[in-house]
Structure formats: C-alpha cells, structure tokens
2 protein chains.
Amino acid sequence: MPVNMAAKKEPRKSARYRDIAAELQKEIRLGSTPVGELLPTETELMARFGASRQTVREALRIVTEQGLIVRRAGLGSVVIAAEPPVLFTHSVKSLNEWLRYSNETYRQVVGSSDVVADRNLAALLKCEPGKHWFLIEAIRRSDEFADPLGWVEIYVLRKFAGVVKRRDHGRSPVHEQIAKMFGETIEYAQLEVFARGMPAKLAKALGVKAGSPALTMVRRYYGLREELFEVTVTTHPEGRYTYTMDMQRSLRPKV
Amino acid sequence: MPVNMAAKKEPRKSARYRDIAAELQKEIRLGSTPVGELLPTETELMARFGASRQTVREALRIVTEQGLIVRRAGLGSVVIAAEPPVLFTHSVKSLNEWLRYSNETYRQVVGSSDVVADRNLAALLKCEPGKHWFLIEAIRRSDEFADPLGWVEIYVLRKFAGVVKRRDHGRSPVHEQIAKMFGETIEYAQLEVFARGMPAKLAKALGVKAGSPALTMVRRYYGLREELFEVTVTTHPEGRYTYTMDMQRSLRPKV
DNA sequence: GTTCTGGATTTATACGGACAAATAAATATG
DNA sequence: CATATTTATTTGTCCGTATAAATCCAGAAC
C-alpha cells in the first residue's frame with residue numbers, strides 16, 4: 001500500500017510566485033523599501049528573480065492583497081505599510097445581527113406622528129434643526145418576559161412613513177421594510193451608546209422610576225449619498241438589556 | 001486643444017475581463033447555474049467569449065473575489081452563492097480604536113492585588129470560579145476634564161502582573177503592554193455594554209451618588225487557544241462617556 | 001514665471017503556448 | 001464485491017510577447 005504521505009497536510013512545494021511574494025514581504029517588513037517609496041519595477045524583479053512577468057505580477061498581486069503596496073500604472077508599486085495591517089473585523093450579514101435583536105422580540109407600536117427637529121432633537125439625531133421626521137414610538141417586548149425590554153423611537157424620513165402600515169411592521173426591522181418598500185439601503189451606520197437617567201415620559205410605560213439607570217442606544221442609518229434616512233433611539237431600563245459584540249482578528253477577511 | 005473629456009470621471013471603457021466577470025455574475029444571480037453546480041470550464045468560456053485563457057481567468061478571479069464561486073483544480077468553478085454576500089464590516093487596526101480611548105486619556109492606578117474569582121466575579125468575567133487573577137484598579141482621566149471619566153478594573157492572568165511596573169503603564173492599553181512584554185496577542189475579543197446603578201464603592205471616587213446611572217462595559221480578550229487572558233470592566237457615570245461605533249457596508253473589505 | 005506637449009517609464013490588459021497538480025470517473029486487480 | 005490504478009478533465013503555474021493606459025518629467029511655448 002502506498003504511503004499516501006501527508007495526505008491533507010502541507011508538503012506544498014510552494015509556487016514560484018508565492019516564494020517571490022514572501023521574499024518581497026519580508027524585505028518590506030525589514031525596511032528595504034520604506035513606506036512611501038517605490039518597489040523595484042516588474043522588469044527589475046523579473047531580472048532579479050529570473051521569472052516571467054506573469055509570475056512577478058502574481059507575486060505582486062499577493063503583496064497587494066496583503067495591504068503592503070498599491071500599484072498604479074505609470075507610477076509603480078508604492079509601499080504603504082511595512083507590516084500587514086492587523087485588522088479586527090466584526091462582520092455581519094445583516095444589521096439585525098448588529099442590533100442583536102433576536103426574533104423573539106417585537107415592537108408594540110404606541111403611536112406615530114410628524115415631528116420637526118428642534119435643537120435638542122437635532123443634536124440627538126445629528127441632523128440640522130428644522131428637519132422633518134416621521135416618528136414611530138413603540139415598546140419593545142419579548143415573548144419570554146412580561147416586562148418590556150425598552151422604549152423605541154424610530155425617526156424616518158417622511159417619505160418612508162408608509163412602513164407603519166405593513167403587516168410585519170412590528171416584527172421586522174424598519175430599515176429592512178424601507179429597503180423592501182422603497183429600495184433605500186444602508187450604506188453606512190453609526191452606533192452610539194450611553195447611560196442616562198430614565199426620562200419621566202418613558203418611566204411609567206416601562207415600569208421603572210424616572211431617573212433610574214437606563215441604557216440608551218442611538219443608531220443612525222445612512223443611505224447612498226450619505227443621506228441620513230433613519231435614526232432609532234432605544235432606551236432600556238437597568239437589567240433588561242445588554243449589548244454584546246464579538247470581534248475576530250483577521251489579516252484579511254476570508255470568504 | 002484636446003478636450004480632455006471627463007477628466008477624472010468614469011468614462012471607463014471597461015476591460016474585457018471585467019465585462020466577462022459582470023456577465024458571469026449576472027447569470028449566476030439569475031440562476032443559470034444554481035448554487036452547488038459548476039460553471040462552464042475555462043475552455044468553454046474562452047470559446048464562448050472569444051477571449052484568451054488569461055482573460056477568462058482574470059474574470060473568474062473577480063467572480064471568486066466576489067464570493068460567488070470557489071475554484072479547484074480538477075473540479076471546476078463551483079457556484080457557492082447567487083448574490084454577493086453583503087457584509088457590514090467594522091474593521092479597526094488596533095483594539096484601541098475599538099475601545100475608543102483617545103490618547104488624551106490615561107489611567108491613574110489606585111491599586112493592584114491578587115484576587116480569586118468568586119461566583120459573582122466569575123459570572124462577570126465569564127470564567128470558572130476559583131480562577132486566579134491579578135487585578136489592577138484605576139481611575140480613567142482626561143487631560144481636558146477635571147472630572148474622572150470612569151473607573152477601570154483590569155483583570156489579567158497572574159503571569160502578566162509585571163505590566164504594572166512599566167513606565168508607560170498608565171498611558172497605553174494593557175493588552176498592548178502584554179503583547180510587548182509577553183508576546184500574547186489578542187485573537188478574539190468580546191464587548192458587553194449595559195447600564196446599572198453606580199456601585200457605592202466607586203461612587204465616591206467618581207464624585208457621583210451611589211445608584212446614579214452608570215455605563216458599564218466589559219471587554220474580554222482571548223489569545224491563542226481561546227484562552228481568556230484579560231478582562232477589563234469600566235464604569236462611567238452618566239454624561240462622562242459615550243461609546244460610538246461606525247459600520248460600513250462592503251461587499252469585500254478593501255485595502 | 002506658467003502652461004502645454006511629447007516622450008519615456010511603468011503598470012494594465014490581452015494574446016499565445018506549455019506542463020504540473022488535483023480531481024473524478026472509468027478500468028484493472030485482488 | 002472492494003480496492004488500486006489508470007485516464008481524461010480541469011484548474012494551477014509559468015513562460016513568451018504585444019499593445020494600451022496612466023504617470024512623470026523635461027522641454028517647448030506663452
């Protein structure tokens with residue numbers, strides 16, 4: 001029986017272009033070409049390594065993907081980092097995961113209205129004072145607990161007011177509904193978390209004392225052209241909600 | 001004078017391989033090749049598009065980078081997704097950015113001690129009860145404000161206790177010091193945020209009333225082999241600290 | 001001085017070919 | 001039957017070449 005050696009291991013007689021890429025990476029790390037300077041040209045590298053242009057370019061492609069250089073026609077390969085930038089990435093497929101609202105929670109709509117941002121609201125939403133918003137107020141509840149999880153204020157552009165009429169309105173995120181109904185998608189989002197005393201207005205609905213510790217999270221959603229189109233403000237009494245997030249180290253996010 | 005049309009715009013007569021890639025992507029999206037099936041071979045694509053193998057491979061590389069197919073020698077190009085997976089990524093180069101502690105803040109060490117996790121502490125740290133930790137207590141201050149920003153408890157494995165002796169101890173993140181001194185690096189991290197009443201023990205040091213609203217953030221750092229090696233617990237009085245985070249939509253994280 | 005032009009340089013795109021390695025299926029072997 | 005072995009197929013690696021597009025810079029034009 002043949003030995004079937006190292007079946008799934010890594011005997012991997014490395015490819016030529018990988019070797020060249022490793023060599024280039026090593027040299028960049030050691031500072032042979034300082035950040036901002038140009039790497040040798042493809043032609044020079046061909047001569048130096050005795051490889052074809054194809055092979056050299058393949059090697060340079062790897063170094064590019066590692067984030068060490070950028071290449072531009074007519075210029076050359078500019079070193080932009082000496083070390084592969086270590087990235088911690090938190091990637092999610094939908095903003096639901098980011099929000100960490102499980103499917104067991106839903107919004108019980110209390111009311112909705114047109115509002116105009118005064119100075120305070122404008123500061124909270126980070127929009128210009130006088131801007132018009134459609135406000136949806138709701139209580140977030142869970143199937144599993146009797147106490148409400150928190151109070152939700154959802155500000156959307158007036159043209160999106162129609163979302164409140166959807167059958168699934170209280171059960172799915174408003175930004176998803178906006179995407180389905182109007183095609184507006186989130187390109188950029190921002191999260192802000194802070195503690196404050198529970199506002200008197202919400203205290204009774206949530207069954208806690210005014211001024212008691214509360215967690216408030218503001219989420220701003222920007223669409224194309226960086227237009228702010230939705231802001232949600234959620235306020236949770238002490239002990240009813242914890243926001244958690246994981247981060248994974250990765251040199252380059254995998255598929 | 002030549003018109004120099006569209007100087008920096010995008011007249012971009014697309015490259016051949018980009019066109020082919022776009023066509024393939026479109027077809028995959030429309031389901032011409034279901035997920036799990038094989039794309040036509042390179043040879044077939046060469047014939048179909050009247051392009052060289054190089055060009056076809058370049059196109060396939062793009063589709064691969066989009067996350068729609070995986071390619072394997074001897075097998076072919078397997079379709080793994082009909083739509084480019086939309087990811088929201090929050091990537092940072094160091095966990096400092098994640099922590100959002102600017103350089104203008106520092107820790108004023110109050111004391112340090114060996115502790116053994118009792119049931120409460122074990123629950124907070126998510127470790128097994130009885131585990132030994134080295135605890136550093138400090139007040140986080142800013143050069144710009146008189147009031148302290150918050151209270152910091154840093155739990156590290158006992159073998160890392162030496163970090164308190166560093167000259168820069170109060171000015172740089174402990175996990176960085178551990179990396180420099182002991183080579184332990186963060187592979188995985190976890191953040192937890194919640195509101196609570198300010199513990200009496202910290203209230204005086206922070207100049208607020210016990211029970212007043214406070215923001216508590218727990219950060220857990222895991223090294224290789226998923227070993228928990230550092231946990232920090234920071235508690236901020238109302239109005240002294242806001243945690244913010246941005247998320248960017250990206251099909252594939254750029255350099 | 002400034003602005004434009006042309007040429008040299010460099011990477012981008014694209015063609016051709018060849019052999020190696022990986023895989024799956026068919027075939028030979030026990 | 002089960003198990004090696006071979007064979008055909010497909011992608012991976014590598015070479016050669018050619019032209020286009022982007023960039024920089026020196027020199028011309030003003």
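A polar contact here is a pair of N or O atoms within 3.5 Å; within protein, one atom must be able to donate a hydrogen and the other to accept it, and residues adjacent in sequence count only if both atoms are side-chain atoms. With that in hand, let us look at Thr105(A), whose side chain makes a polar contact of 2.7 Å with the side chain of Arg140(A).

## About the model

This is a predicted model, in which local features need pLDDT of at least 70, side-chain atom pairs count only at pLDDT 80 or more, and totals for chains, interfaces and linings use all residues. Residues are numbered from 1 along each chain as its sequence is written, chains are lettered from A and ligands numbered from 1 in the order in which they are written, and side-chain values use heavy atoms, with hydrogens and water left out.

## Chain A and two of its residues

Chain A has seven helices and ten strands; helices (H or I, at least four residues) and strands (E, at least two) are DSSP runs, numbered from the N terminus. Of the 255 residues in chain A, 45% are buried. Buried means under 20% relative accessible area, exposed over 50%, and partly exposed in between, using a 1.4 Å probe and protein chains only. Among the contacts in chain A with a separation of 6 or more, 61% come from residues 24 or more positions apart, a contact being heavy atoms within 4.5 Å.

Back to Thr105(A), which sits in strand E4 (residues 105-116) of chain A. Thr105(A) is buried, at a relative accessible area of 8%. Leaving out residues up to four places away in sequence, Thr105(A) touches Arg140(A), Arg141(A), Ser142(A), Leu149(A) and Arg171(A). Arg225(A) belongs to the loop between strand E8 (213-222) and strand E9 (228-237) of chain A, and counts as exposed because its relative accessibility is 75%. Arg225(A) lies 38 residues from Glu187(A) in sequence, and their C-alpha atoms are 8.9 Å apart.

## Helices and a residue in chain B

Two packed helices are described by the angle between their axes and the distance between the axes. In chain B, helix H2 (residues 42-49) packs against helix H3 (residues 53-65) at an angle of about 110°, with the axes 9 Å apart. That makes H2(B) roughly perpendicular to H3(B). Axes are lines fitted to C-alpha atoms, for helices over the stretch in contact, and angles run from 0 to 180 degrees between N-to-C directions; angles under 35 degrees count as roughly parallel, over 145 as roughly antiparallel, 65 to 115 as roughly perpendicular and the rest as oblique. H2(B) contributes Glu42(B), Leu45(B) and Met46(B) to the contact, while H3(B) contributes Arg53(B), Val56(B), Arg57(B) and Leu60(B). By class, the contact has four nonpolar, no polar and three charged residues. In this scheme Ala, Val, Leu, Ile, Met, Phe, Trp, Tyr, Cys and Pro count as nonpolar, Asp, Glu, Lys and Arg as charged, and the others, Gly among them, as polar.

Glu23(B) is in helix H1 of chain B and is partly exposed, with a relative accessible area of 27%. Not counting residues up to four places away in sequence, Glu23(B) touches Arg48(B) and Phe49(B). Glu23(B) and Ala59(B) are 36 residues apart along the chain, with their C-alpha atoms separated by 9.5 Å.

## DNA strand C

Around DNA strand C there are 26 residues, of which Arg53(A), Arg16(B), Tyr17(B), Ser52(B) and Thr55(B) come nearest; a residue is near a molecule or strand if one of its heavy atoms lies within 4 Å of it. Sugar and phosphate make up 74% of the atoms of DNA strand C that come within 4 Å of the protein.

Polar side-chain atoms lie by phosphate oxygens of DNA strand C at 2.3 Å for Thr55(B), 3.0 Å for Arg57(A) and 3.2 Å for Arg72(B). Two or more residues of this surface come from each of helix H3 (53-65), strand E1 (69-72) and strand E2 (76-79) of chain A, and from helix H1 (16-30) and H3 of chain B. The surface near DNA strand C has six nonpolar, nine polar and eleven charged residues.

## DNA strand D

DNA strand D is surrounded by 29 residues, the closest being Arg16(A), Tyr17(A), Ser52(A), Thr55(A) and Arg53(B). Of its atoms within 4 Å of the protein, 73% belong to sugar or phosphate and the rest to bases.

A backbone N or O atom lies 2.7 Å from a phosphate oxygen of DNA strand D in the case of Ser52(A), and 3.0 Å in the case of Glu42(B). From the side chain of Arg57(B), an N or O atom is 3.0 Å from a phosphate oxygen of DNA strand D. The surface near DNA strand D divides into nine nonpolar, nine polar and eleven charged residues.
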